[in-house]
Amino acid sequence: MYEFLKAVGTPLSNMLYNHEVTGLENLPEGPAILASNHLAFVDSIFIPQAVGPKVHFLAKSDYFTTPGLKGAAMRQFFTRTGQLPMDRSGGSKSAESLQAGLDILEQGGYLGIYPEGTRSPDGRFYRPKTGVARLAMLSGAPVIPVGQIGTDLVQRAGSNRPHARYAGQKITVKTIIGKPLDFWHYSSRAEDYSVQRGVADRIGEAIRELTGQDYVDVDAAKVKALMKSEGLTARQASEQLLAEKS
């Protein structure tokens with residue numbers, strides 16, 4: 001299904017949008033972790049279209065556990081397109097999810113991951129989680145920073161509805177593939193949180209160098225939860241969390 005959807009979807013996407021891809025020469029032949037910012041669901045469509053080999057994404061586990069007919073259809077779609085459920089609750093469940101990603105890398109594949117853990121609520125780049133760092137250190141695979149620009153115009157924040165035009169113009173989506181980052185020399189310290197934190201922050205910095213996004217040093221999921229519970233904007237919620245940290 002992955003190959004079919006890519007063969008059908010790429011021409012359709014190219015008809016609806018301008019998709020500019022740069023940095024393909026930075027992709028290795030062997031295993032690699034494609035670490036991207038996350039502005040919209042369609043990031044998981046444009047990145048595979050830009051890259052030749054199949055990309056397996058770590059997707060939130062809700063896509064695989066939703067009940068009913070809708071849930072069954074979602075589960076079939078994500079499974080058949082090579083997506084891997086990522087449990088973000090922490091502990092052993094998250095460790096099992098990361099192992100599935102390691103298995104892909106050990107087989108020489110491309111693993112896609114969004115270090116922020118969820119879509120940005122307002123287009124800024126939020127504090128990356130440490131899972132991407134553990135994957136990089138345990139696998140020894142290079143991390144390829146990927147910058148997505150313009151997908152937030154295709155799908156606006158808080159909505160899954162796609163748009164073909166913005167301000168009357170055809171939308172341009174840019175996929176920028178950065179130079180590889182290697183962290184294999186930290187393999188013996190893969191379980192050291194301070195090292196995980198430093199590696200994750202370096203990966204996030206590399207992504208922001210490609211996108212030019214402003215940085216917010218708080219967890220995006222916590223921002224979204226606060227937005228929902230207290231009716232705040234993303235900026236209000238992030239400022240409240242930053243104030244609590246200080």
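Predicted model: local features only at pLDDT ≥ 70, side-chain atom pairs only at ≥ 80, totals over all residues.
Local features require pLDDT of at least 70 and side-chain atom pairs pLDDT 80 or more, while totals for chains, interfaces and linings use all residues. Residues are numbered from 1 along each chain as its sequence is written, and side-chain values use heavy atoms, with hydrogens and water left out.

Rings of Phe, Tyr and Trp (its six-membered ring) are paired if their centres lie within 6.5 Å; planes under 30 degrees apart count as stacked, over 60 as edge-to-face and the rest as tilted. By this rule there are two aromatic pairs.

| Pair | Centre distance | Plane angle | Class |
|---|---|---|---|
| Y17 and F46 | 5.8 Å | 75° | edge-to-face |
| F57 and Y114 | 5.5 Å | 15° | stacked |

Helices (H or I, at least four residues) and strands (E, at least two) are DSSP runs, numbered from the N terminus. Y17 lies in the loop between α1 and β1 (18-22) and F46 in helix α2 (residues 43-50), so this pair ties together parts that are 29 residues apart in sequence. F57 belongs to strand β3 (residues 55-60) and Y114 to the loop between β5 (110-113) and β6 (125-126), 57 residues apart.

Buried denotes under 20% relative accessible area, exposed over 50%, and partly exposed in between (1.4 Å probe, protein chains only). Y17 is buried at 8%, and F46 is buried at 2%. F57 is buried at 2%, and Y114 is buried at 9%.

R208 lies over the face of Y215, at 4.2 Å from the ring centre; this term requires NZ of Lys or CZ of Arg within 6 Å of the ring centre and within 35 degrees of the ring normal.
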